[in-house]
Number of protein chains: 2
Amino acid sequence: MSGAPMDHVVVGEVPPAPPPPLAAVGADRRRTPAEEARTLVASHRVCSLATLAEDGVPWASVVTYGSMQCGSPVLYVSTLAEHGRNLEREPRGSIVVAEDAGGGDPLDSARVTLAGRFRRPEGDGGAAREAHLAAFPTAAAYAGFGDFSFWVLSVERVRWVGGYGRMDSVDAAGYLAAAPDPTAGAAVHAAAHLNEDHSDALVAMAIALGGYPDATDARCVRIDRYGIDLRVGTPRGTAPARVPFAAPVAAPDGLRAATVELARRAREAQASL
Amino acid sequence: MSGAPMDHVVVGEVPPAPPPPLAAVGADRRRTPAEEARTLVASHRVCSLATLAEDGVPWASVVTYGSMQCGSPVLYVSTLAEHGRNLEREPRGSIVVAEDAGGGDPLDSARVTLAGRFRRPEGDGGAAREAHLAAFPTAAAYAGFGDFSFWVLSVERVRWVGGYGRMDSVDAAGYLAAAPDPTAGAAVHAAAHLNEDHSDALVAMAIALGGYPDATDARCVRIDRYGIDLRVGTPRGTAPARVPFAAPVAAPDGLRAATVELARRAREAQASL
């Protein structure tokens with residue numbers, strides 16, 4: 001962070017804090033910043049690329065990528081494009097992968113920058129080539145274009161921003177060692193389903209497991225392999241709460257069973273209150 | 001382009017050309033590359049930014065922006081973020097604005113890179129501040145954070161890519177002189193509406209005005225202030241066609257009237273065939 005201040009320099013008023021929990025909550029577990037970064041990269045295939053233009057100006061462009069098992073993204077770009085020529089001259093660069101904010105606040109949605117050095121894989125591209133073509137099978141058609149090359153990013157530095165107040169830096173070893181969340185592809189749909197059809201279960205979770213026995217309302221803000229983030233309404237105001245699953249979900253289609261078990265546990269605990 | 005090849009180096013097979021028109025078509029008009037660039041920038045408010053990190057690596061990140069009347073984007077970033085510190089040290093950089101590809105081919109969707117030099121507006125930010133806050137009214141809340149600054153990009157170089165085979169470079173004067181398409185905000189909805197409810201009118205346009213008297217099917221691929229891009233099905237294969245409006249649409253809500261007039265003209269011409 002090289003001498004940067006560690007928090008905003010507040011000149012004006014500070015917003016009020018949310019109401020605190022009224023009951024103790026169990027041990028929490030969240031995706032680590034490295035897991036967040038791996039998950040974002042693994043669940044997308046379009047990113048923005050920063051390379052260095054010939055005149056020394058950092059050059060932003062859009063590229064497609066595939067993800068290798070190790071977490072390295074693989075581009076397939078042409079020297080007809082400026083970014084392709086830039087990489088030939090200066091292989092250091094970065095990509096940023098951003099989640100779709102939909103109609104929400106773009107500053108409160110997740111993005112991750114991976115910086116390092118791009119290198120060409122040897123021979124026909126091997127695993128790098130396979131990773132790109134798994135994401136973009138149609139890219140095989142460009143194999144006939146001699147101006148296209150695969151480029152693998154050797155990740156040296158990672159900066160993840162999950163939204164307001166959720167951010168961290170990750171080193172290369174931490175990034176490469178982490179696993180992407182296998183449930184990421186099902187999460188948006190699962191959250192919408194919970195909010196549409198199971199708001200009673202979400203309130204029970206907030207009351208019995210989330211530390212808010214005075215909850216009158218609860219919405220699923222986010223769901224991941226470790227648990228559910230809630231926004232809880234109480235007579236004291238609105239607060240965030242977290243309810244963890246009994247065990248991390250390991251399969252892409254495992255969110256449903258884990259959520260059903262969580263709702264059952266919440267109702268049992270609520271009944272014994 | 002500094003010695004770059006002018007087209008793909010084709011090693012493999014070339015795909016077959018689409019069937020040519022069978023009738024002469026009227027004078028076409030399309031958005032210029034400068035207008036495409038201005039339109040993309042004016043109709044979005046989130047972009048990726050390329051700055052130069054302290055270690056010399058080009059750094060990609062996500063930022064919000066507002067658009068000034070002149071076409072210059074205005075960022076509002078914190079020195080707590082790496083890109084904010086990068087701009088303090090090296091004000092040269094670029095942004096890329098990309099249209100949402102939805103479920104479509106991301107390489108066939110539009111994006112534009114604006115490169116140049118970021119400068120801080122004087123005083124309280126004036127018109128630059130107003131442009132950013134018009135796009136993000138909530139950003140006014142950060143005015144209490146002393147680590148935030150407005151940065152205006154003085155555009156020096158523009159690279160627009162509309163999709164496969166649609167791309168061009170634009171100089172600063174051309175970019176600044178062009179106007180954004182006022183109908184851009186309504187275009188996606190208008191295209192969907194035409195395809196859902198007026199496919200007969202689209203076929204009539206392709207037959208009578210688009211040069212494809214053997215059209216059996218037509219879909220609106222894109223609509224803009226100057227006309228409609230069609231994908232036309234014929235017994236000879238599928239081809240792109242363009243049907244221009246009688247005059248450029250000047251108002252954000254003017255696509256409907258222009259399309260109705262075009263459909264009427266197509267039916268009249270078809271009746272006299």
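Trainee: How many charged residues are in the lining of the largest cavity, and what makes a residue charged?
Mentor: The lining has 8 charged residues, 1 nonpolar and no polar ones. Asp, Glu, Lys and Arg count as charged, Ala, Val, Leu, Ile, Met, Phe, Trp, Tyr, Cys and Pro as nonpolar, and the others, Gly among them, as polar. The residues in question are B:Arg30, B:Arg31, B:Glu36, B:Arg166, B:Arg222, B:Ile223, B:Asp224, B:Asp229 and B:Arg242. Before we go on: this is a predicted model, where local features need pLDDT of at least 70 and side-chain atom pairs pLDDT 80 or more, while totals for chains, interfaces and linings use all residues. Residues are numbered from 1 along each chain as its sequence is written, chains are lettered from A and ligands numbered from 1 in the order written, and side-chain values use heavy atoms, without hydrogens and water.

Trainee: Why is it called a cavity?
Mentor: On a 1 Å grid over the protein atoms alone, a cavity is a set of points where a 1.4 Å probe fits but cannot get out, and lining residues have an atom within 4 Å of a point. The largest cavity holds about 50 Å³, a volume being the space filled by probe spheres set on points joined across faces, edges and corners.

Trainee: Which strand gives the most to that lining?
Mentor: Strand S8 (residues 217–224) of chain B, with 3 residues; strands (E, at least two residues) and helices (H or I, at least four) are DSSP runs, numbered from the N terminus.

Trainee: What is the class make-up of the second largest cavity's lining?
Mentor: Its lining has 5 nonpolar, 3 polar and 1 charged residues. Among the lining residues are A:Asp105, A:Leu107, B:His132 and B:Phe136.

Trainee: What relates chain A to chain B?
Mentor: A rotation of 180° with 0.0 Å of shift along its axis superposes chain A on chain B, with RMSD 0.0 Å. That is the relation of a two-fold axis. The superposition is by least squares on C-alpha atoms of residues with pLDDT of at least 70 in both copies.

Trainee: Why are H5(A) and H6(A) called roughly perpendicular?
Mentor: Helix H5 (residues 184–197) and helix H6 (residues 199–208) of chain A pack at about 95°, with axes 5 Å apart. Axes are lines fitted to C-alpha atoms over the stretch in contact, and angles run from 0 to 180 degrees between N-to-C directions. Angles under 35 degrees count as roughly parallel, over 145 as roughly antiparallel, 65 to 115 as roughly perpendicular and the rest as oblique. H5(A) and H6(A) are therefore roughly perpendicular.

Technical notes:
1 Å grid on protein atoms, 1.4 Å probe; cavity = no way out; pocket = protein on both sides within 12 Å on 5 of 7 lines; lining within 4 Å.
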